[in-house]
Each structure stands twice: as structure tokens, then as C-alpha cells.
Amino acid sequence: MPRRYRADPRSERISVEMEGMAVIYHRPSGITHLLAAPAPEILDALSDQALDVDGIAACLAAEFEIAAEDEIAAVVADRLIELEGAGLVARI
Amino acid sequence: MHSFTVRIGPVGFRVGSAWPRPVAALEAIYAGYPGPRDGIADFTVRLEPERPWRRFVRPSVAIRGDFILPDAVPMALRHGFLAAEMGMNLQMALGQRRFLLLHASAVERDGRVLLMTGESGAGKSTLAALLGERGWRLMGDEFALVDPVSGLIHAFPRAVSLKNAAIAMLRAEASEDRFGPELDGTPKGTLRHLRPRADAVARMDEPAAPALLLFPRYGHDRAIRPMGEAEIFVRLTQASTNYVALGEAGHAALARLVKTVPTRAIDYPDSAAALAIVDMLWAEQAR
Amino acid sequence: MPLVRALADPPGTAALDGAGWTALITIARAEQLLGSLAYRLEGRPMPGAAAAILADARRSAEQQQVQALWEAEMARRALAPLGVPVVLLKGTAFAAAKLPPSIGRSIGDLDILVPRESLDAVEAALIAAGWKWVKDDAYTLHYYKQWMHELPPLIHRERDRMIDVHHTILPLTARPTPDAAALIADSVALESGLRILSPADIIVHAAVHLFADGDLAGGLRNLWDIDRLLRSSDAHAGFWSALAARAERHGVTAAVAHAARQANALYATPIPREWMKWSPFDAWSRRRLLARDGWGRARRPVTRLAFYARSHWLRMPPAMLARHLWIKARDRRG
Amino acid sequence: MAHEGPMNEEPREGHPAAEVAPTRRRLLMLGAVGASAVVTIRPALASTAGSILNCEIPVPDPGHSGNWIDADGKLVAPNTPGAYPPALRPLTGEQVKSNLRYGRSYPGTSYDQSRAYTNYIRRLQQGTSGFTCYASLQMPRG
């Protein structure tokens with residue numbers, strides 16, 4: 001069973017867009033993060049359901065209208081490490 | 001304990017001193033200021049001998065109070081007034097929770113506020129003091145207080161701390177009775193404090209909306225640059241001593257400021273050039 | 001002392017003038033009790049300036065609790081794979097379980113209790129998750145590992161927050177030796193999976209922390225915790241005898257009894273008649289607890305020094321104390 | 001510094017040119033493996049006891065990088081007898097604290113030189129580079 005991740009519900013984040021980035025206030029931590037794509041999209045995907053890396057990649061592929069899911073998965077794995085370190089996503 | 005109380009904008013202070021001299025200096029420079037609202041000070045500062053016997057023997061002033069830096073160097077008694085000023089700054093930097101506190105100067109005209117922020121030496125304080133003598137209302141040379149609910153800037157018109165060359169510059173503009181004593185050999189060189197004009201003190205309870213934000217830089221050729229929102233946001237979080245402590249309210253207040261207030265970085269070779277740039281940008285944004 | 005009076009008797013604050021309020025606020029800040037006081041006085045008639053300051057203090061305490069609970073959650077995530085019980089202590093425990101002392105309470109570092117045998121694994125997991133030693137010199141590390149009831153403090157490199165990892169609640173060198181296994185065995189799980197001590201052990205720990213370990217600096221806050229805990233437990237039948245039994249089991253009967261008496265004396269905490277056996281030490285420690293004037297200054301230097309010396313004496317046998325102070329002094333000289 | 005992130009790689013013409021070709025632009029951003037996509041805002045002035053490990057204090061501050069530091073921590077002209085040249089790299093809060101508490105010298109400096117640097121730092125004021133780091137050394141009381 002591949003490792004799955006989960007983010008807090010959208011209502012736990014206040015997001016303001018600046019220069020194409022999301023300035024996010026994360027309510028449970030009281031910490032502000034600046035997120036560049038595709039980190040905000042990953043958070044949104046994980047707010048609805050727990051997903052593994054491939055599941056996230058599939059979500060992003062649909063959203064960004066791009067096909068190469070393998071490449072996306074590599075990027076997603078990278079981003080998940082950062083998001084997990086920031087406490088914005090957690091393993092379940 | 002010799003005691004002094006004052007209200008500066010929305011903030012009441014109580015300063016206690018083991019010696020009479022710093023209190024006398026505070027009373028002189030803050031002549032005409034009101035006392036704390038309801039007689040209740042938001043913050044307490046204490047000027048004490050570092051050790052009991054140092055009250056008389058080579059007296060040195062330790063800055064204590066509600067919020068302290070435990071290892072700070074005590075100051076010479078002749079700089080006791082400066083110690084009081086630093087103590088009040090420290091309470092604001094470490095303890096202020098009602099307003100988003102920006103390390104910025106603020107001046108107002110026609111009900112709109114010009115904010116200038118930047119590191120020490122950028123000139124924000126001197127420029128604000130000069131503008132304060134030339135038709136603008138000085139709201140503060142050190143801290144700008146952003147109301148998280150209304151987004152308005154509240155005045156915090158402390159005595160302006162003038163350094164070195166800025167002293168002569170302002171002596172040409174303001175009458176001698178508004179100046180404090182000359183303090184030489186301080187960590188920042190020679191200092192003199194200037195009481196803001198009487199109208200700035202009388203109107204200190206009038207907040208106003210921010211209309212222009214500048215990041216000045218002294219000592220470079222004249223230049224005006226736009227800045228991206230994310231960069232402004234991050235730089236302001238670093239210019240604020242309490243952004244994180246205010247939580248969601250701080251985030252909302254800062255995001256609103258960044259989204260609504262036109263912002264420029266400006267470089268200037270001398271204050272005349274800076275004032276010209278301010279005039280130009282102010283006229284532009286007022287259109 | 002105005003702070004103790006205001007906490008014990010909120011309506012009495014109606015008599016305060018401006019200077020009285022200023023002194024009360026300064027003392028409460030110095031004792032880290034401004035947030036607690038702010039909630040205690042919430043809704044009472046008071047001057048506008050006082051109301052504004054106390055409203056700030058409530059917001060500030062709320063934000064501190066968000067940060068403290070987040071730190072606990074991050075520790076939980078880091079330690080979850082180990083499958084060991086992680087027991088929250090002190091302020092974070094109160095906040096996580098929404099116990100009465102948490103209302104307005106300031107919270108500093110995160111304190112957790114784990115089984116002694118999993119200490120190495122916990123340390124490794126925290127370091128892997130971004131915590132690092134605050135001080136990493138050999139003597140400090142050795143001293144803590146050998147003698148203390150906790151790991152040397154760790155700090156998270158991104159969030160700048162400290163964690164103290166305990167394996168019992170008193171130094172190993174101290175004379176009483178609480179039953180650490182029982183503390184963990186009887187702890188209570190919260191929804192998150194983190195745990196808190198049993199109701200009696202929470203009070204035992206607070207009392208031990210105040211009278212058997214520390215030098216009573218900041219003791220008014222600890223005593224306020226104890227007051228809030230005792231009041232909320234007082235109604236349960238058999239609570240006092242259970243507390244007495246628990247204190248005896250951990251070998252800290254005197255400290256727990258002293259804490260209850262002192263809470264009664266300062267905050268009018270209801271305690272059973274048979275617990276009111278005053279000792280000469282009570283008056284002396286009360287002097288220490290109340291050593292703060294209206295400017296926020298610590299008073300009574302001799303009493304404070306005596307309690308500082310006592311705290312070291314309680315923690316270490318004399319020869320070891322001498323060695324410890326010697327090494328610290330040598331260190332200081334560089 | 002906290003904001004060495006993706007924002008520095010973006011062109012800054014006030015508004016991003018995202019409207020032109022959103023998909024292509026986003027695809028490019030998506031492909032940036034290795035570049036950081038999460039930047040966390042740190043407090044300018046930390047409020048907790050241990051908030052000192054990562055912050056740095058330049059000695060002296062960049063506005064006075066030519067000056068030397070005398071034994072009292074005052075800034076003096078270069079080559080002043082008894083004074084020390086600037087620190088080669090900024091000191092960390094942790095090093096400063098360890099010097100303040102235990103007298104431990106800074107890496108590669110003598111005891112007296114370390115003392116001079118610390119005296120400089122103890123004189124820092126609001127608005128000077130490094131002040132907020134130094135201010136973060138404050139301990140909670142009580």
C-alpha cells in the first residue's frame with residue numbers, strides 16, 4: 001500500500017494570491033507560508049481526500065492539462081517533502 | 001523611584017527611574033503630551049542601577065521593565081534619557097499586540113498617510129522629520145501602528161531621534177525649544193531628540209488611511225522601482241516585530257496593506273532629491 | 001499582593017484606581033499571569049484602558065496556545081512511527097485537554113514525558129524531524145543523560161521552538177523518586193493519540209515542580225494551576241484520598257500537601273480540614289512567592305537566594321553539587 | 001534569509017504575465033524540480049526562549065563594514081591599535097548566547113576579540129542589522 005497524505009480542510013487556510021503565488025495563513029499552526037505552484041494545488045487536492053503520490057499526480061495532470069504523469073509524480077514527491085516539513089500535509 | 005507617565009498615540013507608558021535626571025529630561029521633551037488614558041499605563045519601563053551600589057558609584061543605567069533584554073549593556077547616566085527612549089521602544093517591539101507594528105515612519109497629508117520603511121540608515125526617520133516641518137503631520141519616525149480591524153494607521157509621535165548630520169538639518173527648520181539635550185558618544189553617534197510640532201501632538205488620536213508606501217535607500221543615484229506584491233509582503237513581515245504574534249489578524253492586516261497601497265523602492269543621493277521624489281509620487285497617487 | 005487579591009477576588013478590582021491597575025498589570029506580566037487574569041476579570045466593569053490591555057492579553061494567550069498545540073502536533077507526527085506513549089506535561093497538557101488552568105495561560109516550551117527505555121529512539125526521531133540540541137558541549141549532554149529527568153533541551157531548526165523530553169518528573173539525583181512507570185501507565189489518551197497524566201498525577205506533578213524542584217520563581221502561576229486543578233477536582237467523591245495515596249506512592253506527600261495549603265492561603269482554594277497542617281516553611285515560602293512590588297521588581301533578595309540554593313540542594317547530593325558548580329564556574333571563565 | 005525562494009526567480013513587472021499563456025507558464029513552474037516551492041515566514045523578532053539558532057548578527061552591520069571594533073564594542077577606524085577587524089562571517093545567535101553565558105569564544109577568534117564583538121552586539125539598537133536577532137536572545141521571565 002503506497003503511503004498516503006492528507007491536508008487540513010480548506011477552511012483552515014487563508015490564501016491570498018500575490019505574483020502568482022499563494023500567501024497562506026495556516027490556522028492550526030499560526031504560520032504563514034508562500035507557496036508556488038504546484039504546492040497550492042497539491043494542498044487543495046489533499047483537502048478533499050487522502051491520496052498517494054500517483055493520485056495527486058493524476059489530479060494535477062487534470063488541472064494543468066498535461067499528460068506526462070510520471071514526470072509530475074517526481075515533482076509531486078519533491079513538493080510533498082517540503083509540504084510535510086512545513087506541517088501542511090501529514091502522512092496517514 | 002522617580003516616576004513619569006505619558007501617552008503617545010494610543011499607548012500609555014510609565015517610566016520609573018532611580019535617578020531624577022532622566023525623568024526631568026522626559027518631562028521637558030514630552031511637555032504638552034497627555035497622560036495615559038484612565039491613568040493606566042500599557043507598559044512600564046524601569047531605569048535602575050545594574051547593581052545596588054552602582055546608583056552612586058560610576059552610575060550606570062540598566063533598562064528594565066515589562067519586557068527586557070537581559071544582557072543589554074547598561075548606559076551611562078548622562079544617557080539616561082536615551083535609555084528611557086530605548087526602553088519604551090523595547091516595550092513596543094516585544095509587547096505590542098493591539099496593532100500590527102511596522103518599523104516605519106509615517107506622515108499624513110489630506111487625511112492620507114505616507115509610510116517609509118527600511119533598515120536604520122535608510123533615512124526614513126530624517127525624511128519624516130523634514131516632511132513634518134514642511135506641511136505634513138508627523139505621525140511617527142520609528143513605528144507605524146496598523147489597526148488590524150480598520151486598516152488605518154495610528155499615530156505614535158514619539159520625540160524624533162536625530163542622528164549626527166540630521167541634527168543640523170532639522171535645527172535649520174525647528175525652533176530650539178523643541179530640541180532635547182545633545183547626547184554625544186552614544187552607540188549611534190551624536191543624538192538629539194526633537195519634539196514633533198504641537199499640531200502633530202494635538203492630533204495624535206486621529207488615525208488615517210495609508211496611501212503610499214516607500215522603501216527608501218540613502219546614498220545611491222536617484223532611482224524609482226516598482227516592487228512585486230510577494231516581495232513587499234515578505235519584507236514587511238521582516239519589518240514588523242509582531243506579525244507572527246498577531247496570527248490571523250496580522251496576516252489579514254498585512255495582506256490588505258500590500259494589496260491596497262501603491263509601493264515603490266526609491267534610491268536617493270541626498271534629502272533634497274528624496275523630498276522631490278516624494279512630491280512627485282505623492283502627486284501621482286493623488287490623481 | 002494585588003495580583004493574588006485580584007485572582008482570588010475579582011470584584012475587589014472595582015476599587016482600583018489608575019495607579020492600582022498599572023501595578024496590577026505590571027505584576028501580572030512579571031508573573032506570567034496576565035492572560036489568566038484577563039480571563040478571570042473578563043466582563044467585569046473596569047476602565048476602558050484596562051479593558052483594552054486585558055483584551056490584548058486574551059488574544060495573545062489564544063495565539064500562544066495555537067502555537068503550543070501545533071508544536072505538540074508536530075512532535076506527535078515525528079514520534080507516531082515509534083508507537084511509544086507520548087505524555088504532554090504542564091501548559092501544553094492543560095491546553096490540549098482544555099483543563100481549567102489553560103484559560104489564558106501562557107505556554108513556553110513543549111514538555112513531554114516518554115518511557116525511559118525509548119529515550120534514545122525519541123531523541124533520534126526528533127533529530128530526524130528537524131530538532132537539534134540547544135547546547136551540544138560534552139559536559140552538558142553527559143550531565144543531563146546521567147543525572148537529569150530530561151534530555152537536554154532541543155530546538156526545532158525551522159520553528160524555533162524548544163522541546164523538553166522527560167522520562168520522569170524529578171531529577172534522578174533528587175531524594176524523592178516518583179514512580180515514572182506508573183505516571184505513564186495511568187496516563188489518559190486524548191483524541192489526537194497524545195496523552196496527559198491522570199488527574200491526580202497532574203496535580204502531583206504541578207506540586208513537585210513547584211516545591212520539590214524549582215526555586216519558586218514564577219511560583220504564583222504554578223500555584224494558580226494548582227488552584228484551578230484542585231477546584232475542578234474537589235467535587236469528585238474520594239478525590240482527596242486518591243490524591244493523598246498518589247502523592248505517597250510517588251514519595252512526594254510533603255510537596256503536595258504544601259502546595260494545597262499554599263493555594264488555600266493565597267487563592268482561597270477549598271481544601272479538607274485535615275490537609276491544613278501548617279508548617280513554619282509555609283510562611284517562608286509565601287514570602288518568596290509574593291516577592292514582587294508594584295513596579296514588577298523582584299524583592300527580598302536574601303529569600304530568593306535561599307530558595308535558589310535550596311533548589312540546587314534538593315536536586316543534588318552535596319559532592320555532586322560542588323562538582324557541578326565548579327564545572328559551570330570553570331566554563332564561565334572560558 | 002527566509003525569502004530566498006521562487007519569488008526571486010520571477011520577473012517583477014508589477015503583475016505577472018500569467019494571463020498570456022497560463023498552461024505553459026504553470027507547466028514550467030511545475031517542472032522546476034529542486035527549486036523550493038514552500039517559503040515559511042519566520043518571525044522578525046522571535047518570541048520564544050530558544051529562538052536564536054538560525055538568526056545572524058553581522059559584526060559590524062553592513063552600513064559600517066569598513067570599521068573595526070574596539071574592546072568596548074565601539075566602532076573605530078580601521079587599524080586602530082587595540083581594535084579588531086570585522087568578523088569574517090556573521091555570528092549566529094547561538095554563538096552569541098554561548099559567549100554571553102559561558103564566555104565561549106567565537107570560532108577562530110581570541111577571548112578578547114570575542115569579548116569586543118559581544119560588546120558591539122550588546123550595544124545594538126532597534127533598526128540596526130542584527131538587532132532583532134540579538135533581541136531574540138531575551139529569556140522569558142518568572
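# Salt bridges, an interface and backbone exceptions

C:Asp227 is buried, with a relative accessible area of 0%. Here buried means under 20% relative accessible area, exposed means over 50%, and partly exposed lies in between (1.4 Å probe, protein chains only). This is a predicted model, in which local features need pLDDT of at least 70, side-chain atom pairs count only at pLDDT 80 or more, and totals for chains, interfaces and linings use all residues. Residues are numbered from 1 along each chain as its sequence is written, chains are lettered from A and ligands numbered from 1 in written order, and side-chain values use heavy atoms, without hydrogens and water.

Stay with C:Asp227. Its side chain meets that of C:Arg231 in a salt bridge, 2.8 Å from N to O. A salt bridge is a side-chain nitrogen of Lys or Arg within 4 Å of a carboxyl oxygen of Asp or Glu. Both residues sit in helix α10 (residues 219–233) of chain C, and because they are four residues apart, about one helical turn separates them. Helices (H or I, at least four residues) and strands (E, at least two) are DSSP runs, numbered from the N terminus. C:Arg231 is partly exposed, at 34% relative accessibility.

Helix α4 of chain C holds another pair. C:Glu73 and C:Arg76 form a salt bridge at 2.9 Å, N to O. They are three residues apart in that helix, so about one helical turn lies between them. C:Glu73 counts as buried at 18% relative accessibility. C:Arg76 is partly exposed, at 24%.

Which parts of chain C does the pair C:Glu42 and C:Arg58 link? First, the bridge: the closest N and O atoms of C:Glu42 and C:Arg58 are 3.6 Å apart. The pair joins distant parts of the chain, with C:Glu42 in the loop between α3 and α4 (48–79), C:Arg58 in helix α4, and 16 residues of separation. C:Glu42 is partly exposed, with a relative accessible area of 46%. C:Arg58 is buried, at 16%.

C:Glu31 lies in the loop between α2 (18–30) and α3 (34–40). It is buried, with a relative accessible area of 4%. Neighbours within four places in sequence aside, C:Glu31 is in contact with residues including C:Met1, C:Leu3, C:Arg221 and C:Arg292. Contact means heavy atoms within 4.5 Å.

Over all chains, the structure holds 44 salt bridges. In chain A, some of them form a network linking A:Arg10, A:Arg13, A:Asp44 and A:Asp48.

Now the interface of chains A and B. Here 12 residues of chain A touch 13 residues of chain B. Together the two chains bury about 1000 Å², and 68% of it is on carbon and sulfur atoms. Buried area is the accessible area (1.4 Å probe) that two parts lose on being put together, summed over both. Which residues lead on the chain A side? A:Met18, A:Glu19 and A:Tyr25 supply 48% of the area that chain A buries against chain B, more than any other three residues.

The rule finds one salt bridge across this interface. It joins the side chains of A:Arg27 and B:Glu248, at 2.6 Å from N to O. On the side of chain A that touches chain B, the elements giving two or more residues are β2 (13–18), β3 (21–26) and β4 (31–35).

Chain B also has a nonpolar surface patch. B:Trp53, B:Phe56 and B:Val57 make it, and it covers about 400 Å². Patch residues have over 30% relative accessible area and no salt bridge; like charges are joined within 9 Å, nonpolar side chains (Val, Leu, Ile, Met, Phe, Trp, Tyr) within 5 Å. Accessible areas come from the Shrake-Rupley method with a 1.4 Å probe; for residues, only the protein chains shown count as cover. B:Phe56 is in the loop between β3 (43–49) and β4 (60–65) of chain B. It is exposed, at 67% relative accessible area.

Last, the backbone. Most residues other than glycine have a negative phi, and most peptide bonds are trans. B:Asp38 has a positive phi, near 55°. It sits in the loop between α1 (20–29) and β3 of chain B, and is partly exposed at 41%. B:Asn164 also has a positive phi, near 45°. Its place is the loop between β11 (160–163) and α4 of chain B. B:Asn164 is partly exposed too, at 43% relative accessibility.

Two cis bonds remain to be visited. From A:Ala37 to A:Pro38 the peptide bond is cis, with omega near 5°. A:Pro38 lies in the loop between β4 and α1 (39–48) of chain A. In chain D, a cis peptide bond joins D:Val59 and D:Pro60, with omega about -5°. D:Pro60 is found in the loop between β2 (56–57) and β3 (68–69) of chain D.
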